[in-house]
Amino acid sequence: MRSLFVTPECYPLVKTGGLADVCGALPGALAGLGVDVRVLLPGYPAVLDGLQGKRTLRSLPGWLPGGGDAWLVAGRMPQGVTAYALEMPDRFDRPGNPYAGPDGRDWPDNYLRFAAFGRAAAWLAQGGDGLDWRPDILHGHDWQAGLAPAYLAFSGGEHRPGTVMTIHNIAYQGQFPSHLFGGLGLPPEAFGVQGVEYYGDIGYLKAGLYYADRLTTVSPTYAGEIQTPEGGLGLHGLLASRAHDLVGILNGVDYSVWNPATDPHLAAPYDADGLDTKPVNKGALQAHYGLEHRPEAPVFAVVSRLVAQKGIDLVVEAAPALLSRGAQLVILGNGDGWLEDACRQLAATHPGSVGIHLGYDEALSHRIQGGADVILVPSRFEPCGLTQLYGLRYGTLPLVRRIGGLNDTVVDATPEAIDQGRATGFVFDSASADALADTFHRAIDLYWDRARWRQVQRTAMAQDFGWTAAARAYRDLYRAIRPHA
Ligand code: ADP
């Protein structure tokens, strides 16, 4: 069984969110089950620089959407997985993040960049004019890969692989004005409700969801939510009509990267039997953030994109409840200006108790998981969420909303759940600062009940959200898809 992952991000070469972590780890887990997974990435500078043993396989002169020179190159990811990259200097050799320039604005030709990517993926998935590898499955990730199943549907070629589309976050849909359709190289009949048309525009994710054989998303609860008008953000009708083809498969954690016993970023590594060591990391974290050195203070933390989805405004609004109880708060993140300003303001008003680091810092995110007591994920919606899974393994209890993947991974510390040895964190319902503040109080009350806190930490650390279960589910899904003639 061979699968081609078509993804705009893959840890460690290019990452803006959890999608990269998934595509960095799942191929290896599938390989352990005998599935040969290769990854196709856009040829961003970081990808072309990071591939090991890189070599050019083919020139793709001029026929990709938008024209221009392009090459298919191959190499190995640092973790050993074979990767292809679409080298296309006009489209991908740019500074900034994968989707936006240094000014934070989306690249105006994103529709062409990811049309070329999808077209190249479809070509590669059909054997790429005599390459020695042809997948049984094209597995697309998010809207950037959405056109690949559409191109395949119209390719007319003999060797059409089965197709899977995975939704990592339905809020990002790749929607572009209809007048751009002519540049995509799809036949006119593709522009319709039964095709790539989406509320009068072109929908890249919609295209993928329409044409792919099977659909997945990253948690069972989210699979249900996206079939509702509130959660589906315009795609609920299509998804509900394809409910029998849609499955939620919970993401896993790469425990070789996220393990407090071996984490090279921690001042003092620890495990479930050595939790007395964890406070050393708290001290280091307080020092890093310039907080008062108070070993007894409960430290709450945010590691997140600072966007409305993540409920960061609720944290800012509810923060007085934390501070009134002598807790401290550390924030690591970047994102929308108004939320960055609100966090900055909060830290400025409470020096010594609230610390902020604006930016993206992988090492610091590990040190926060190691040093904090509670990791906050009060999201408005959350397809799966990885941060709370890392918190569990680090004995840093997640405090989350009862939605999406958060609902599938954290067990609220009610007295009964603690007594039964099931509790792993704190869960609240309403997306309001009051509900969050109430939960802050609950968490701090438990924090001072040291024996019970320790018990919940141990239960949390014993949870297994490794990739094996997910990999089995994807392999079984692949097997269930019949190849096209
Ligand atoms: P999303 O993909 O919606 O951003 P996830 O919880 O699925 O949310 O994944 C977020 C990933 O990004 C986690 O690995 C988290 O540690 C990481 N992350 C988010 N913001 C930062 C940051 N500012 N610095 C370092 N890592 C971050």
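In this predicted model, a polar side-chain atom of R305 lies 2.7 Å from an oxygen atom of the ligand. Taken alone, the ligand exposes 570 Å², and the protein buries 93% of that area. The elements that each give two or more residues to the shell around the ligand are α1 (18-31), β13 (299-306), β14 (328-335), α13 (362-371) and α14 (387-393), and of these β13 gives the most, with three residues.

The shell around the ligand consists of 19 residues, of which G18, R305, K310, G359 and L386 are the closest.

| Residue | Atom on the protein side | Distance to a ligand oxygen atom |
|---|---|---|
| G18 | backbone N or O atom | 2.6 Å |
| R305 | polar side-chain atom | 2.7 Å |
| D21 | side-chain N or O atom | 3.0 Å |

A separate part of the description concerns helix α4, which covers residues 110-125. At 1.5 Å a residue, the 16 residues of helix α4 should span 22 Å, and because the C-alpha atoms at its ends are 22 Å apart, the model agrees with that expectation. Helix α4 is also mostly covered, since 15 of its 16 residues are buried, that is, they have under 20% relative accessible area. After α4 comes G127, a residue whose phi is positive, near 105 degrees.

Methods
Residues numbered from 1 in each chain as written. Predicted model: local features only at pLDDT ≥ 70, side-chain atom pairs only at ≥ 80, totals over all residues. Heavy atoms only, no water. Helix = DSSP H or I, 4+ residues; strand = E, 2+ residues; numbered from the N terminus. Expected span 1.5 Å × (residues − 1). Buried < 20%, exposed > 50% of the residue type's maximum accessible area, 1.4 Å probe, protein only. Near = heavy atom within 4 Å. Polar contact = N/O pair within 3.5 Å; in protein donor to acceptor, adjacent residues only side chain to side chain. Areas by Shrake-Rupley, 256 points an atom, 1.4 Å probe, with all protein chains shown as cover.
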